[in-house]
Amino acid sequence: SRAVREAFVRLWEDGLIYRGDYMVNWCPRCATGLSDLEVENVDRPGKLWHIRYPEPDGGPGLVVATTRPETMLGDTAVAVHPDDERYKHLVGKTVVLPLMDREIAVIADDYLDMEFGTGALKVTPSHDPNDQQIALRHNLPSCVVIGRDGKMTAEAGRYEGLERFDCRKRVVADLDALGLLQGITEHPHTIPECSRCNTVLE
């Protein structure tokens, strides 16, 4: 143990390591991080929720498709492919993040698959590793809306304290009431679970 501490301190003093934010597999029930080897990736039936993000002036904006509506509360941008003619007029502008009533940027990034979903991707840097990479490339802010206990944080606004899956139901209902839920389609996808207790990971 002393040797490990000594090695880390020497590396730190030599400027060879740094401390920073890093995304891990987190089990809210076990309250611990898991290595990739401790994750069970399970194929499950799921859904794609299609949500409209309007323009600030009331224009149509664009529609994103997501498997996790509750994470939209932490969106800091919407990304589209630079060659996607459908959205070129919006790149560099903003749209309104539904339910949070804040403007977020529309950015262009080569990561996007124009054929998947609507071709527009909600960017949630604190809750998806691919989104985090997009955020780093575009200097986007991050906010954590799901806490270590699997409940929504203060950054989730009026949804604070809700368990993540209860929040999903509330978010979907609220979007529907506002006329911003554009449709729901079946979409099988892979869900990471804790190999110890089968809890869905964050």
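Because the model is predicted, local features need pLDDT of at least 70 and side-chain atom pairs count only at pLDDT 80 or more, while totals for chains, interfaces and linings use all residues. Residues are numbered from 1 along each chain as its sequence is written, and side-chain values use heavy atoms, with hydrogens and water left out.

The secondary structure of the protein chain consists of three helices and eleven strands. Helices (H or I, at least four residues) and strands (E, at least two) are DSSP runs, numbered from the N terminus. Read from that end, the order of elements is α-β-β-β-β-β-β-β-β-β-α-α-β-β. Along the principal axes, the C-alpha atoms fill a box of roughly 60 × 40 × 30 Å. Of the 202 residues in the protein chain, 42% are buried; buried means under 20% relative accessible area, exposed over 50%, and partly exposed in between, with a 1.4 Å probe and protein chains only. A contact means heavy atoms within 4.5 Å. Among the contacts with a separation of 6 or more, 65% are between residues 24 or more positions apart.

Helix 1 covers residues 2-13. Its twelve residues reach 16 Å from the first C-alpha to the last, close to the 16 Å expected at 1.5 Å a residue, where the expected span is 1.5 Å times one less than the number of residues. The number of buried residues among these twelve is zero, so helix 1 lies largely in the open. G15 follows helix 1 and has a positive phi, near 70 degrees.

Next come the sheets. Strands of a sheet pair through backbone hydrogen bonds, either parallel or antiparallel; here two strands count as paired if DSSP finds at least two bridges between them. Axes are lines fitted to C-alpha atoms, for helices over the stretch in contact, and angles run from 0 to 180 degrees between N-to-C directions. Five bridges pair strand 4 (residues 47-53) with strand 5 in the antiparallel sense, and I51 is opposite V64 in strand 5.

An open sheet of four strands has the order 7-8-6-9 and mixed pairing. Strand 7 and strand 9 are its edge strands, each pairing on one side only. Its neighbouring strands are turned by 35 degrees against each other on average, direction ignored. Strand 6 and strand 9 run antiparallel and are joined by four bridges; V80 has A120 in strand 9 as its bridge partner. Helix 2 lies across strand 8 and strand 9, at about 85 degrees to strand 9.

A nonpolar core is a set of buried Ala, Val, Leu, Ile, Met, Phe, Trp, Tyr and Cys residues joined through side-chain atoms within 4.5 Å. The largest one has 31 residues, of which Y53, L62 and L73 touch the most other members. Two or more residues each come from strand 4, strand 5, strand 6 (77-80), strand 7 (94-97), strand 8 (102-108) and helix 3 (164-177). Helix 3 gives the largest share, four residues. Apart from this core lies another of eight residues, including A77, A79, I134 and L140. Beyond four places in sequence, the residues touched by L73 include L97, M100, C143, M152, Y159 and V171.

D75 lies in the loop between strand 5 and strand 6 and is buried, with a relative accessible area of 0%. T124 lies in the loop between strand 9 (120-123) and helix 2 (129-138) and is buried at 2%. The side chains of D75 and T124 make a polar contact of 2.5 Å. A polar contact is a pair of N or O atoms within 3.5 Å; within protein, one must be able to donate a hydrogen and the other to accept it, and residues adjacent in sequence count only if both atoms are side-chain atoms. The D75 side chain also has a polar contact of 2.6 Å with that of Y53, and the T124 side chain has one of 2.9 Å with that of K122. Leaving aside neighbours within four places in sequence, D75 is in contact with residues including L97, R102 and I104, whereas T124 touches T71, G74, D75 and D131.
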